[in-house]
Amino acid sequence: MTEAAPHPSAVIVGPTEQREQPPATARARVGAFELRWHADAPAALVVPASAFAGRAAIGLVEVFTADEQRARTSQAYWRSAVGERLRVQGSTVTTEDDGTRAVVVQADATSGIEVRTTLTAPRGTAAIRIENEVRNAGREPFVVTAVSSATIGIGHTADDLDRTRWGTAASEWLAEDRWSEVPLRSLLPDIALPFHAQDARGHAGLTSHGAWSSGEHVPAGYLIREDGEALAWQIETSAGWHADLCQTRDGAVLALLGPTDLEHQFAHELLPGETFTAVPVALAASPHSRDESIAELTRYRRWLRGTAGEQKLPVVYNDFMNTLMGQPTTEKLLPLVRRAAEAGVEVFCIDAGWFADPAIGDWWSTVGEWREAPARFPDGGLRRVIDAILDAGMAPGLWLEPEVVGVDSPAAASLPDEAFFQRFGRRVQEDRRYHLDFRHPAARAHLDATVDHLVEEYGIRYLKLDYNINPGAGTDHLATAAGDGLLAHTRAFRDWLVRVQQRHPSLRVENCSSGAMRADYALLAVTHLQSTSDQQDYRLYPPIAASAPASILPEQCGNWAYPERGMTDEETVFTLVTGLSGRLYLSGFLDELRPDQRARVAEAVALHKQLRDGLREATPFWPLGLPEWDAGTVCLGLHTEDGDLLFVWDRDAAPARFTIPGVSAAEVLFPSRAASWGLAPGPAGLDVSTPAGLGARVLRVNRG
C-alpha cells in the first residue's frame, strides 16, 4: 500500500529559468479519472484522456441548504452557494490490491460546512464510486436540502451538445427497462448562450418518486458523443434520486443526487459536529462506445457485491407466475415439486399465499404475521411440502413481503405506532397496508423472529422478498422531513438484510418489488437475484430480458420462463430462451406439460447449468441496439470467457430476414432438433432468416 503526499506537486518551467513553483493546479489521479483543484476553486472531476467527460471549471460537489441555495439563480442543481465556496483542505491517494482510493476534504469558511469525498476506482475497471459526507463544523445548526453525489462537466463548447445523446430507461410494472436515446439538444435547446454571455437557467432530468427507485426510471443512464465516447452512471439508493442536466456557455453539466427538497420532500438538520452521508453514485467512461461504458459499470457492480459474487447460481423454480398465483396448497404443490426436480431444478420457492387461510380469499390486507395457514396444508402442514422439496434434492424457499403489515393483520395491533411510517402523527396507509419503519427496533425484531423461525423450523434456504406498495414521500417521524425518513429507513432495511445473511450464511435472498420496481444497487449489492418483471405475457418479455443487463448484472437477472401445455414447440422454446438470457427463473404447470415440452425444459435447465458460471464474468452488448418495446427482432449479446453468446427473439408472425452486424458465424445451442433458422455469413454480418411464427434461439457466435 502506498500513500501520496496531501497535495501533488507541479513543476512550472519558465522561458529563462527552471525552478519549482507553487502548483497552479493540484491533481489526484484515481483510476481513469482525476481530481483537479487550485487555491481559488473547488475540486473538479475530469477524465484526463477525454475531451468529452469532465471539465475543471465544474465543481464535483454541490451543497444546498435551507439558508443558502444557488449562488446564481437557475432551476438546475449546479452553482450552489456553498459549493462555489468549497476549497480543498487536504487529500490522500491510496493504492491497494483491489484498486485506488482518494479522499479529499473541502471546507466552506463562511458556513462552516465540510465535505469529505471518497473516490474509489476498482482495479480492472474504468469506473469510479463517489461518496460524500457533509459535516457541520460550525457553531450553528443548518438544514441540508440537497447534496450532489457527483457533478461533472460534459463537453467543452456549446457545439459539443449538438453531437451528444442522452440514454435512459423508462420503467413501470410489466414494462421495465425500456431504454431509449434522445439528442441532448432536444432537452437543452441551443439558446445562444455565448451571445448572452451567461449560463442557462433551465434544466432537464429524471426523478424517482417514493420508494420504488426504478418504478418510473431506471437509476442509471449514459451520455454518448457521436464518435462513440460515452459516460455511464448509476445512483445507488432505494429512496429518492434525481439526475439533472443543464447547459453552460461552454458545454453541459450532469449532476447526480439522492433525495432533494423540491423533488422528494427531503431535508436533514445537522447540529454542530453531526454528519450526513449522501447517496453513493458510480461513473464509468469509455472512449469507444455505449456498450463498453456499460461493460465498465458491469465490472464495477461485481466489485461492489464483493464476496456475494462468489455464491452459487442455482436454478430456481417459483410457483407463482402463470401458475398458482398466490394460492398454493399441498395438493397443487406436490406434483410441481416432483416435476421441477425431474427437470433439474435446485431451489423450489413457494410464493405468496402460504400464510393465508383460503377462506379469506383476498389476503392482501391480512399479511404481516408470516405463519403458515394450516387449512392450505392438511395432513402434515407446510412441513410436509418442505420435506418433499428436500427429499427431491432441492432447497426450499418462501415468499415474504417484510416491510408491510396489512391493516387487518394482528401485527398491525401488536406493533407500536412508532414502528410504522407516519405523516403528521398518523400511520401511512397505502392500499390497505401499513409500512414498517426499519429504524425502529420492534420492526426489526418482528422480522428477525420471522426469518429465524422459517430458517430454523423449516430449513428455508431461499427467501423471495417482495415489495408491492409505494408509501409516497416517506415518514416524518423522527426525521427533519418525510424524504429524510424514507432514506433512513431504506438504509436501515439494507443493513437488516446484511445482518440476516450474516446470521444465516446459507440463506439466499431475492430482491423483488412488483417485478423490478425497486431494482437498485443499494439493494442488489447485498442480495442474490432480481426478478426482472411481473410480465405474464411471454411475447412481451424479450425486450425486458434483453435490456435488463444494462442496469442489472447478468448473473442477477432473474428472467421468468413459464411454459404451458397449450404452447407449440416454438412458443415453448421462446419462453425458455427468455429465461436462459439471464438467470433461468422457472415457473408454469410443469406437471401438465406434454412429454416433449418437459424434455425442452430439461434441455434448457441442462444448458443453463453449463452456461451459468460464465455469467459471473459476462458483459452485455446489443448488436441490434437496445430494443424498442415493440421491436419485431430482439437481440442480447453476452461476452463470456468461453465465447460470445447471442439470445435472439423473432416476434413477427411472418417469416423474417435480418442481419446481425459484427458476427461471422453461429452455432445453435438451444434448441436442439427444431425447425431450422437460416444462419449464413454475409457482407454486413450474420444473415438470419426465420420461418413464420414466433421463434427464439440461443447462439454461440464468432465476432468479426
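Predicted model: local features only at pLDDT ≥ 70, side-chain atom pairs only at ≥ 80, totals over all residues.
Biologist: How are helices and their axes defined, and at what angle do helix 13 and helix 14 cross?

Modeller: Helices (H or I, at least four residues) and strands (E, at least two) are DSSP runs numbered from the N terminus. Axes are lines fitted to C-alpha atoms, for helices over the stretch in contact, and angles run from 0 to 180 degrees between N-to-C directions. In this structure, the axes of helix 13 (residues 569-580) and helix 14 (residues 595-615) come within 10 Å and cross at roughly 25 degrees. Helix 13 is therefore roughly parallel to helix 14. The label follows a scale: angles under 35 degrees count as roughly parallel, over 145 as roughly antiparallel, 65 to 115 as roughly perpendicular, and the rest as oblique.

Biologist: Which residues make the contact between helix 13 and helix 14?

Modeller: Contact means heavy atoms within 4.5 Å. Helix 13 contributes Asp569, Thr572, Val573, Leu576 and Leu580, and helix 14 contributes Gln597, Arg600, Val601, Ala604, Leu607 and His608. By class, the residues of this contact are six nonpolar, three polar and two charged. Here Ala, Val, Leu, Ile, Met, Phe, Trp, Tyr, Cys and Pro count as nonpolar, Asp, Glu, Lys and Arg as charged, and the others, Gly among them, as polar.

Biologist: What kind of peptide bond joins Phe670 to Pro671?

Modeller: Most residues other than glycine have a negative phi, and most peptide bonds are trans. The bond between Phe670 and Pro671 is cis, with omega about 0 degrees. Pro671 belongs to the loop between strand 39 (663-670) and strand 40 (678-682).

Biologist: What is the phi of Ala197, and what is that of Ser514?

Modeller: Ala197, although not a glycine, has a positive phi of about 55 degrees. Its place is the loop between helix 3 (193-196) and strand 14 (204-207). Ala197 is partly exposed, at 47% relative accessibility. For Ser514, phi is near 50 degrees, again a positive value in a residue other than glycine. Ser514 sits in the loop between strand 31 (508-511) and strand 32 (529-531), and is buried, with a relative accessible area of 8%.

Biologist: Which backbone atom does the side chain of Thr527 reach?

Modeller: A polar contact is a pair of N or O atoms within 3.5 Å; within protein, one must be able to donate a hydrogen and the other to accept it, and residues adjacent in sequence count only if both atoms are side-chain atoms. The side chain of Thr527 reaches the backbone oxygen of Leu523 at 2.9 Å. Thr527 is located in the loop between strand 31 and strand 32, and is buried at 2% relative accessibility. Not counting residues up to four places away in sequence, Thr527 touches Arg305, Leu497, Val509, Asn511 and Gln556.

Biologist: Which backbone atom does the side chain of Ser289 reach?

Modeller: The side chain of Ser289 reaches the backbone nitrogen of Glu292 at 3.0 Å. Ser289 lies in the loop between strand 21 (281-286) and helix 5 (290-305), and is partly exposed, with a relative accessible area of 25%.

Biologist: How do helix 10 and helix 11 pack?

Modeller: Helix 10 (residues 441-458) and helix 11 (residues 482-503) pack at about 30 degrees, with their axes 11 Å apart. Arg444, Leu447, Asp448, Val451 and Asp452 in helix 10 meet Trp496, Arg499, Val500 and Arg503 in helix 11. This contact has four nonpolar, no polar and five charged residues.

Technical notes. Residues numbered from 1 in each chain as written. Heavy atoms only, no water. Buried < 20%, exposed > 50% of the residue type's maximum accessible area, 1.4 Å probe, protein only.
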